[in-house]
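Please consult the sequence and model shown here.

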Amino acid sequence: MAKIQLKNVTKKFGKVTALDGVNLEIKDKEFFVLFGPAGAGKTTILNCIAGIQIPEEGVVEFDGEVVNLVDAAHRDTAMVFENYALYPQMTVYDNMASPLRSKLYKKDEEYIKEKIQQVAEMMKMDYLLQRLPSQLSNGQKQRVAMGRALVRSPKVYLMDEPLAHLDAKLRNSMRTELKEIQANFGTTSIYVTHDFMEAMSLGDRIAIVNEGKIIQIGSGDEIYYLPCNEFVAQLMGDPEINLISGTVSKTASGYSFTVEAGGKTYELPEDKGLFSVFENTKIEKVDMGIRPQHLKYSFEPKEGYLKCSVYSYESIGNKSVIVAEYDGLQLRMIAPNGLTVNIDQDVYVDLMLDRTMFFDAETKEYVARYHEAEIKSFAIRED
């Protein structure tokens, strides 16, 4: 159990700056997720916390104590790597026992046996204990690597995409298990992923990482409903959010939005908070953000609907995604399974305008959204 802090941490590899002045505070017993695209710097943050890499600038603290010069072995962390790192000559049992047999964390064999059996049963791999790594699938190897970390009771668990090589069904069940394990063990956990669903389902809080910088930190709901810019809005969601470029104009009754592609104008529903932001910022050029579930469609003409053509149709399990094209603009929307949809056929699309958010077209920064005050009341969790 530990409170972890990174203060102005910078890490370079030659001329490449992997981390650029990173500031983070991870609370004791928190399940904290580092989420971002490949190459963003997530694993480098984890390595700096573990002591595998030393930052050129800034400090790493455990419970207020600077640990920059403490080597990895003495930081009392347990790390799960994406590449397993199993001992090939040892059985699964001995691989899991290895940290409990080390000089630093040595336990008696009775304790080791009991702990391994408990973790192996929890992870549904007790029947694998006498096998060698060469006799395991990639998913089984990943579970062994996780089990080896879980048998210990360190200050902090560090997990670098530990579910990446598991099949979909096991990955879903392991998300639930991981959250329960962390709650039962009461240990600070830091988890790296580029999977939106993992980040949302696991994290007490999420840090969005990109190009070596922390872009936004908050609960999953807070970041999903109140993204700080277009990059975060696109990252948080599957299918990705629709961004529609256009112009906001003041009218006699409020404000209107004119779509850049095609020139259609919508009268925006009244929202005093949103209209006040438009009034104060004098912003005109915006990108309207609207989630795929907030678009309505019809295969028959309807008044006020945009006439589009079907660009693609993809069935993904319990739902489908229709991508419609309108004057070069592509719009993603959710549809039920079982539809008969042909490419290039006409589809008529309407926007649920009272569910939209707005970004500055130039800076790409968040401006405002409908019902912002209501969203904040449930999205932002107080300490």
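## Cavity and sheet

Helix α5 gives the most to the lining of the largest cavity, with 3 residues. Helices (H or I, at least four residues) and strands (E, at least two) are DSSP runs numbered from the N terminus. The model is predicted: local features need pLDDT of at least 70 and side-chain atom pairs pLDDT 80 or more, while totals for chains, interfaces and linings use all residues. Residues are numbered from 1 along each chain as its sequence is written, and side-chain values use heavy atoms, without hydrogens and water.

The count comes to 1 cavity of 30 Å³ or more, and the largest has a volume of about 30 Å³. A cavity is a set of points on a 1 Å grid over the protein atoms alone where a 1.4 Å probe fits but cannot get out, and lining residues have an atom within 4 Å of a point. The volume is the space filled by probe spheres set on the points, which are joined across faces, edges and corners. Leu-150, Tyr-157, Met-159, Leu-178, Ile-181, Gln-182 and Ser-189 form the lining; 5 are nonpolar, 2 polar and none charged. Both β7 and α5 supply at least two of the lining residues.

Strands β3 and β9 run parallel, joined by 4 bridges; in β9, Arg-205 is the bridge partner of Phe-32.

| Element | Residues |
|---|---|
| β3 | residues 31-35 |
| β9 | residues 205-210 |

Note on methods: Pairing = 2+ DSSP bridges. 1 Å grid on protein atoms, 1.4 Å probe; cavity = no way out; pocket = protein on both sides within 12 Å on 5 of 7 lines; lining within 4 Å. Nonpolar A, V, L, I, M, F, W, Y, C, P; charged D, E, K, R; others polar.
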